[in-house]
Amino acid sequence: MLNFLFRLIMILPIFQTWLTWNGVGIAQYLDHALYFAFSAILVLFIFFKNIKLSKQLILVISLFALFINIGLFTTLIQGMLNSHTSLNGVVWEVYKLSRNLSIFLFAYYFQNKNDVIKNVKMYFKVSFLFVLISVFQYFFGLKAYEILHFIPASIEEYPDFYNVYIPQNRTMGLLQHPGIYAEFVLVALMVLIFSVALKVRLFKYKFYHYLTLLTCLIGIFISSSRSTFLLSIILPFLLSYMFKMRKIRKIYYVLLFLASPFLYFAIKQLLFKLWQYSYYTVQLGQTEGRIVYWQQALDIFKNNPFGSGLGTWGDASAQYSNYQPNGEIVKMSDAYLSHLIAENGFSLLFIAILFIYCLRFFRKGFKKTSDNFVQFLNITSFSFLLFIFFSSFKSMQLSMFEDSFFIFYILGFTFKMNLEHKREKVEDKLNHADLGLIKHTHMKDISPYSK
């Protein structure tokens with residue numbers, strides 16, 4: 001049942017935005033309904049199976065629980081002092097912060113290697129479909145969207161679609177934003193590049209592996225998501241040096257050559273964005289909204305070191321509050337980290353500690369094994385953490401379920417494999433020690449001096 005629901009979560013992005021834009025209003029709540037059903041069944045499974053927690057998992061959950069509880073306490077105090085918080089906003093924010101914990105625990109407790117390989121393949125298929133549709137949009141523009149019936153109801157509903165994305169030839173597959181689409185595909189790209197480099201076969205034929213890898217890279221280039229484009233280049237090269245895997249760089253040089261026409265388009269879009277910064281900021285003296293909101297977030301942190309309270313600033317949950325530090329309710333700061341800093345303040349240190357612990361855990365997990373599959377999981381998980389960190393400076397995509405659920409699935413299973421591998425090594429050492437003791441006792445018994 002849990003596997004079935006998780007696979008529904010995986011294929012939901014194919015339909016949800018399309019149904020919503022075609023008048024099926026209830027479709028916008030499908031992801032929440034699936035998450036609630038998934039989490040409820042997961043809790044029942046864990047309760048009735050009397051599952052035990054490892055000390056490492058207890059540490060992870062404890063740090064996260066401290067972060068949430070301090071946030072709730074701060075929200076209560078802010079509500080009593082300033083009355084700018086709301087129950088709806090708090091519930092929504094806690095839900096969005098914690099919903100992927102159920103995915104993490106599902107992977108940790110109820111998945112095995114075969115399950116993970118099957119689900120990775122399904123994620124690849126969804127990504128591949130999105131990229132094919134994105135290529136169609138890239139070459140045919142608005143006509144492609146019309147053929148797909150994938151158009152917002154009106155310009156008032158989604159002005160950026162008509163004023164920015166179509167004129168700039170930005171593509172989005174079947175997702176609601178080019179950035180969401182690009183980060184969804186980047187998750188697949190990271191899994192693919194490290195599996196190829198470590199010779200972990202996820203497809204029957206190696207050709208499919210390389211074809212999907214090239215397709216995902218092209219898909220990111222034509223999305224015109226500048227930050228994701230840069231991360232798709234920087235992360236593999238950075239990790240190839242950190243983990244001393246020259247093969248990653250060799251593979252990537254070939255991929256970049258094959259995708260060079262689309263790479264040229266991505267570079268051109270990046271240069272256009274830099275020109276916009278130069279023209280509007282330097283020459284006209286205007287400041288980009290994201291930078292303005294970062295300044296506001298830092299001012300909020302300065303005035304509220306423990307945060308403004310959950311559901312108050314920088315995310316859709318803020319629509320229920322009346323927090324207006326600069327004369328407006330900010331429902332989109334366009335940078336996930338600025339939103340977290342403003343609402344949580346110093347309690348975000350618990351997440352920073354958890355983040356550093358996990359980085360060390362996955363790096364150590366990579367070094368302590370010779371199993372290619374476990375190494376692949378660890379370097380992929382390490383790359384996901386870096387991706388989360390860097391992307392949160394410039395986008396809100398990680399607050400969307402589409403771009404976060406599969407990351408936590410891989411993180412949860414990697415935790416499981418590392419702990420199992422560590423336990424097996426301890427058992428092997430104990431077995432070798434027992435054999436040595438038996439051998440020593442046996443030799444003593446047959447020794448002529450034993451009497």
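Student: How many aromatic pairs does the structure hold?

Tutor: The predicted model holds 53 aromatic pairs. One of them joins Phe207 and Tyr208, with ring centres 5.9 Å apart and planes at 55 degrees.

Student: Is that pair stacked, edge-to-face or tilted?

Tutor: Tilted, because the 55 degrees between the planes of Phe207 and Tyr208 falls between the cut-offs of 30 and 60 degrees.

Student: And are those two residues buried or exposed?

Tutor: Phe207 is exposed, at 57% relative accessible area. Tyr208 is partly exposed, at 42%.

Student: What about Phe243 and Phe366?

Tutor: Phe243 and Phe366 form an edge-to-face pair, 4.7 Å centre to centre with 75 degrees between the planes.

Student: Where in the chain do they sit?

Tutor: Phe243 is in the loop between helix H10 (226–242) and helix H11 (246–258), while Phe366 is in helix H15 (residues 348–367). They are 123 residues apart, and the pair links distant parts of the chain. Both Phe243 and Phe366 are buried.

Student: Which rings are linked into a cluster?

Tutor: Ring pairs link Phe6, Tyr35, Phe38, Phe106, Tyr123, Phe130, Phe184, Phe401, Phe405, Phe406 and Tyr409 into a cluster.

Student: What sits over the ring of Tyr35?

Tutor: The charged end of Arg99, 5.3 Å from the ring centre. Elsewhere, Arg249 lies over the face of Tyr241, at 4.0 Å from the centre of that ring.

Student: Changing topic: where is Thr414?

Tutor: Thr414 is part of helix H17, which covers residues 405–446. Its relative accessible area is 0%, so Thr414 counts as buried.

Student: What does it touch, ignoring residues up to four places away in sequence?

Tutor: Thr414 touches Phe362, Leu377, Asn378 and Ser381. With Leu377 there is also a polar distance to note: the backbone oxygen of Leu377 lies 3.5 Å from a polar atom of the Thr414 side chain.

Student: Last one, Gly309. Buried or exposed?

Tutor: Buried, because the relative accessibility of Gly309 is 0%. Gly309 sits in the loop between helix H13 (289–303) and helix H14 (336–344).

Student: What is Gly309 in contact with, leaving aside neighbours within four places?

Tutor: Gly309 is in contact with Thr74, Thr75, Gln78 and Glu343.

Student: And how does Gly309 stand to Leu76, in sequence and in space?

Tutor: Gly309 and Leu76 are 233 residues apart in sequence, with their C-alpha atoms 7.7 Å apart in space.

How values were computed:
Residues numbered from 1 in each chain as written. Predicted model: local features only at pLDDT ≥ 70, side-chain atom pairs only at ≥ 80, totals over all residues. Heavy atoms only, no water. Helix = DSSP H or I, 4+ residues; strand = E, 2+ residues; numbered from the N terminus. Buried < 20%, exposed > 50% of the residue type's maximum accessible area, 1.4 Å probe, protein only. Polar contact = N/O pair within 3.5 Å; in protein donor to acceptor, adjacent residues only side chain to side chain. Contact = heavy atoms within 4.5 Å. Phe/Tyr/Trp six-rings, centres within 6.5 Å; stacked < 30°, edge-to-face > 60°. Lys NZ or Arg CZ within 6 Å of the ring centre and 35° of its normal.
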